[in-house]
Amino acid sequence: MNHEHDQYLPKQPPSPSQDEATTGEKYTDWGQNAQRTTGEEGTTGDIGHIEAQMRSHLYSETSTSSGQPRKKHNPWDPMTYTSLDELIHMLATPKDHAWQQRAAALRALPRFGNQVSTQTLLEGLYDPDAHVRVAALEAIGTLAHLKPVSTSIIAANLSDPEPSVQAMAIWALSNFPGSLSVPALIRLTRMPDIAPEVRIATFSALYKDHTQEAITYLQDTLNDSSEDWSIQETLIQLFASDSETLPTAMLLTKAQASHVAEMVRIAAIDALLTRTSEYSTILDYLNSTLVHDDAVVTAAKNAEASILEYYMNVAANPFASADQRKQAITILSRFNQVEMLPEEALSRLLLDDDEEISKVAAYALNKRAQRTLRWSNFHTDTLVTNQQRLLRASQKREAKVTFYPVEPSQLTGLSFFIVQALDIYYIALEIAATFVRKKVEYKDISRYIEDKIRAEYIRSLITMRITILPLESLYNIPALARDFLHGETARNAFKELLRQQVIVPYLHNQSAPDSAPSDQEWDAVTLTAFTAWQRICNEVSMACLRFSWGDNSNQQQIQRFNNTLYKLLEAAQLNSIVEYLIPISTPHHPQRTAIEQLKAAQQKLLAYIQQAQAGTVSREPTRERLYQQVVLANRNTIPGKKQFFHDAPALQPDGLAMKMLIDLAHHVSLADNIQGNLLTPAGLPTRTLLADPPGEQEQDNVKTFVTFQSLARPQNFFRPFSAGFYIRSLSALNLQDVLRIRASKEWQNYANTLDKTLNQPFTTFLLHANELYQNYVILIQYITDYLTSQLDFSSHEENKAYWNPQPAFEIEFGGAKVCLSWEETGITCITSGNKLPEIGEQGSSVPYTVSFHIGTPTDATVEGADIALSFEVERGWLAHPHIQWQALLAQLTAIVGRDHMRYETTSYRGAVINLRRSN
């Protein structure tokens, strides 16, 4: 074929044939010994379907709206070779190497830039195999900016008998400025005998020229209804991101025109995805009727999903502008997609300065909670409100109840704990700041809060033998009270858990489980729940825990509890709290200022405690009175016995941080004094913030570090389970489910391992760590399968979520972290990089904590299952932290290898079991 020496370009160089790229043929080695494992060696006669191959090159790396990948791995892509000499030798001995090897070698040459000789490039043009000639032209075009080649030599290939070589010659020429003329290219596209792939290449070269003459001709061709569909598709792909030369309105017309070929309409829909600034308009058109063709409708739906995903990313991006967030939320609301945002993103949106966005986020969080399986119809608005009648009923009650008094020593050897979320003052950290800043009211988000509390309640009943519940929590927290307020099935299951001593009420100074606290603020809701609780007390002989059942002894123990609380608050690591608070409640305050404010509040708090202990002030420093000093803005307000944020009290500037610290110290003190463990919900600081006094722990615990390093040596210490879809949240279970699960052999195996594991030194914990990991994941698998089998409707997949049950050990000291993670590909060491422990002086000591995680690291862009679990294994103090840190990194690098060292900030999402220190 002879014509002028000026012609074509696809955006990426086309490969020689679609046949070999799609027939599934494989090659054993693309290096020295490549051999075709199926079919015959290629010949020039089997090169076809270049048109489709070139279209695939015009696609970007992302998926099309039709759901297919735009660019798959191409077996013709250049392979990696050890040296340039190896490539030259391969090309110089064509008889010793198959055409596949020669073509791959030519495609690898551009990696060596100027080191490649022009002669080496040109020799490939005379190869007897067309595939190799195509590869040579591709290499020449790629190196056009570095290695000038006579365009006449390239143009000679326009007479090649293979259209694929002609097409690649046009592409190579287009990389040499001035070698192609627009009139010649236009004439070439009109030749009657031109091969389709060459014509497509010519149109691509015209687009690359981008002169007004070329663009006008391309537009006229696209508007020509008699033009071949493949050409229209190619032109749409070329114009995809250029809204000036191909307006969005024209693309929409193509997408909706019933007389247009199906592939052209799909290409138009794909091109619309490049018009980010016009997504709002595009969505409206995609929702209009796209007639008849199933493939087109599928492409439109997939495009709509892609656009909505884009807006979800904008809404979840904390750095997006206010206008971008508002537009994203508006569009997502129109399509009922806001509740699909990750929980962390919705929590941030609750704090948005735009009140409308805050309300939408609150509604979405409540909607998410309503989607949870088996949500009870219980809601506070539906309770009996005849307060006077209930008061008379309560006053007439005289019978004494029967219960089993239990003291902490009687629970020795059993796994039990206090749950921070099952507390009348609890509020999830991610939404606490919304109440402080008065963005939303409690009623706007009550369902979501109840669902979070419910998840921790069920988690405690599944993950421990015994759950200790403060007595007032049972009738003050709706998420707990609903089980005995209505419905015989749930009520009977609750009674059975009391009877089996799975749920054990903790009585601080009450004499019986049906005792009413004197300072209770009775309203219709709590009074209804308390009356129902009193009926339960009459029907069940339950176990009740108290420090001591002797009144004098119990008061002494309460005093000891208060003293522990004081010591914990005194030793609190306040700078660690800022890490939790700055992203949520103090986003505009520098860290140093926040720490200084917290320390000032802490000193005020400790001064009040000292005055109370010295008798200077008359009242005992209970948690409520500590709130008065440093949490509440109005010191005359005493928090009532109901959920703290119901009335959204006004807080002092750093009141939220101090409340978090007081609550943590309160629960840790309670857990320590009953010799139990503490379950901390995801997102709240763990007892790591409350370091034990240095004198109580070894100051140079080299043994722990040596043991930690030894974990990296046996690569098969754990056998990790594969990631997959598990139960989304334990809140999907009800109490009947809990009873059935606890009766299973899977739960028994897990509980037995837990009893052997808890509250043991690090070395003892390691003996059972793999067994604990295996049994916990098997239990979660059983729960997922059990719940799925109980469902009688098709939407149960909504109640599953992705989870990677990955085991990991982590040691943290002074703000520096090292994590050993067991993945399916082997062990990986993740560290906080070269960051040194945060200490004042080189010789200082810092607290350290060793944790064991079962679950994936935090990723706010992914909505994962809420079933991850962490165990705080050991804590103490470490001398010479800088030396220890550097030595630890060096030794772990030597053990796992540099390829398995990652430097990043890693945090683990999930509930944390804070183990009490083994005595």
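Colleague: Is Cys-544 buried or exposed?
Modeller: Cys-544 counts as buried, with 0% relative accessibility. Keep in mind that this is a predicted model.

Colleague: And Cys-537, buried or exposed?
Modeller: Cys-537 is buried, with a relative accessible area of 2%.

Colleague: How many disulfides does a search of the whole structure find?
Modeller: The search gives 0 disulfides. Cys-537 is in none, and its nearest cysteine sulfur, that of Cys-544, is 7.2 Å away. For Cys-544 the nearest cysteine sulfur is that of Cys-537, again at 7.2 Å, and Cys-544 is in no disulfide.

Colleague: In which sense do E10 and E11 pair?
Modeller: Strand E10, residues 816-823, pairs with E11 in the antiparallel sense, over 6 bridges. The two are joined by a hairpin of 2 residues.

Colleague: Which residue stands opposite Cys-829 of E11 there?
Modeller: Leu-820 stands opposite Cys-829.

Colleague: How many bridges join E11 to E14?
Modeller: There are 3 bridges between E11 and strand E14, residues 901-903, and these two strands run parallel.

Colleague: What is the bridge partner of Cys-829 in E14?
Modeller: In E14 the partner is Met-901. Cys-829 thus has Leu-820 opposite it on the E10 side and Met-901 as its partner in E14.

Note on methods:
Residues numbered from 1 in each chain as written. Predicted model: local features only at pLDDT ≥ 70, side-chain atom pairs only at ≥ 80, totals over all residues. Heavy atoms only, no water. Disulfide = S-S within 2.5 Å. Buried < 20%, exposed > 50% of the residue type's maximum accessible area, 1.4 Å probe, protein only. Helix = DSSP H or I, 4+ residues; strand = E, 2+ residues; numbered from the N terminus.
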